[in-house]
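Here is a brief report on one protein model. Keep the sequence and the 3D view open while reading.

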Amino acid sequence: MGNTASSSDTRRLKKSNMNEDPTLRKVILRHGKSNDTSATVFMVGATLVSWKVDGKEKIFVSNKAIWDGTKPVRGGVPICFPNFGPWNDGPQHGFARSSKEWKVVQEPQVDQATGDAHAVFVLADSDATRKLWNKKFELRYTVILKTKSLQLIVDVSNSGREAFDLTFCFHTYFKVPRSTECRISNLKGLTYTDKTKEGWPEVVETRDPLQVDKFTDSVYAKAPDTCVLSGLADGSSIKLSKAGLDDWVVWNPWHNISKMSDMHEDAHLEMLCVEATQNSRRANVYAGGKWSASHTLTVQ
Ligand code: TA6
């Protein structure tokens with residue numbers, strides 16, 4: 001009698017088949033000279049879901065995140081394009097973060113001299129995107145892993161015959177020992193939109209550093225290009241810098257996580273979003289033109 005696959009063999013086969021689905025692939029960048037320094041990009045949405053520096057994870061992903069491509073992973077660095085926030089033409093935060101049409105155009109490559117690794121991902125317009133947003137574009141996303149820093153670069157090309165505009169966000173979820181212990185510097189004196197309040201009032205920030213101990217959803221418009229998030233594991237901090245992005249967003253859903261099926265219990269204490277964003281002014285991209293932005297995270 002021929003061999004019949006046991007149930008565990010079937011499960012293994014199923015798992016391996018899932019791993020073979022290129023749209024569910026995880027692309028891993030490993031630094032050539034720093035022990036256990038890596039970055040992992042999940043191909044659904046080209047979502048960076050891990051950034052380890054000397055073995056220490058800096059990025060939060062919910063234990064209840066969905067990995068089958070049916071919705072964006074809860075956590076990581078979702079790419080909000082072509083819209084940040086609620087969108088009349090499609091899903092909140094746009095279609096890029098949930099798209100399974102991303103391609104790897106440069107597999108991870110290590111610079112022999114520095115050990116730095118980089119990879120490039122592209123999302124171009126398709127029937128699916130044009131149904132929502134009838135524009136011809138290429139969104140090119142470069143991830144550069146250095147010994148202590150991670151550089152994220154986006155270049156949006158308008159390959160159509162008419163101008164378009166966009167808003168954008170690197171919606172970064174940081175992994176923290178306890179969100180109430182974290183501090184964010186360099187926001188004092190800025191005006192922020194408080195989206196937790198009726199009517200989204202404009203408020204002047206008086207806290208320096210900012211500490212989060214409740215539901216927080218603040219958009220700091222036209223903010224300085226650097227801030228520092230401290231209170232991470234082992235006492236480290238991360239310097240956040242941005243170029244081509246006007247705003248910072250600070251978000252913690254707090255007890256609203258109870259309404260989020262893909263957030264585990266007490267996740268609000270383990271994560272804090274500080275997001276390099278273009279929201280306060282729509283970015284114009286002329287026909288044949290390009291819009292670029294970058295965001296660098298540096299452990300210090
Ligand atoms: O960046 C903050 C925010 O815009 C919040 O208003 C909240 O909606 C969050 O993004 C998460 O949005 P999501 O669609 O991922 O649940």
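## The four-stranded sheet

This model is predicted. One of its features is an open sheet of four strands, in the order β1-β2-β3-β4. The pairing is antiparallel. Strands β1, residues 26-30, and β4, residues 56-57, form the edges. Each of these two pairs on one side only.

Look next at the β3 end of this order. Strand β3 covers residues 47-53 and runs antiparallel to β4. Two bridges join these strands. Lys 52 takes part in the bridging: its partner in β4 is Glu 57.

## The largest pocket

The largest pocket has a volume of about 310 Å³. Its lining is made up of 17 residues. Which of them lie nearest the centre? They are Gln 92, His 93, Lys 195, Asp 217 and Trp 251.

Eight of its residues are nonpolar, four are polar and five are charged.

Most peptide bonds are trans.

Pro 82 sits in the loop that links β5 (79-80) to β6 (103-110).

Pro 209 belongs to the loop between β14 (202-204) and β15 (216-220).

## Positive phi in one loop

Most residues other than glycine have a negative phi. Trp 254 and Asp 266 are exceptions. Where is Trp 254 found? Its place is the loop between β18 (247-252) and β19 (271-285). Asp 266 lies in the loop between β18 and β19 as well.

For Trp 254, phi is positive at about 50°, although the residue is not a glycine. For Asp 266, also not a glycine, phi is near 65°.

Is Trp 254 buried or exposed? Its relative accessible area is 10%. The cut-off for buried is under 20%, so Trp 254 counts as buried. Asp 266 has a relative accessibility of 39%.

Key. Residues numbered from 1 in each chain as written. Predicted model: local features only at pLDDT ≥ 70, side-chain atom pairs only at ≥ 80, totals over all residues. Heavy atoms only, no water. Pairing = 2+ DSSP bridges. 1 Å grid on protein atoms, 1.4 Å probe; cavity = no way out; pocket = protein on both sides within 12 Å on 5 of 7 lines; lining within 4 Å. Points joined across faces, edges and corners; volume = space filled by probe spheres on them. Nonpolar A, V, L, I, M, F, W, Y, C, P; charged D, E, K, R; others polar. Buried < 20%, exposed > 50% of the residue type's maximum accessible area, 1.4 Å probe, protein only.
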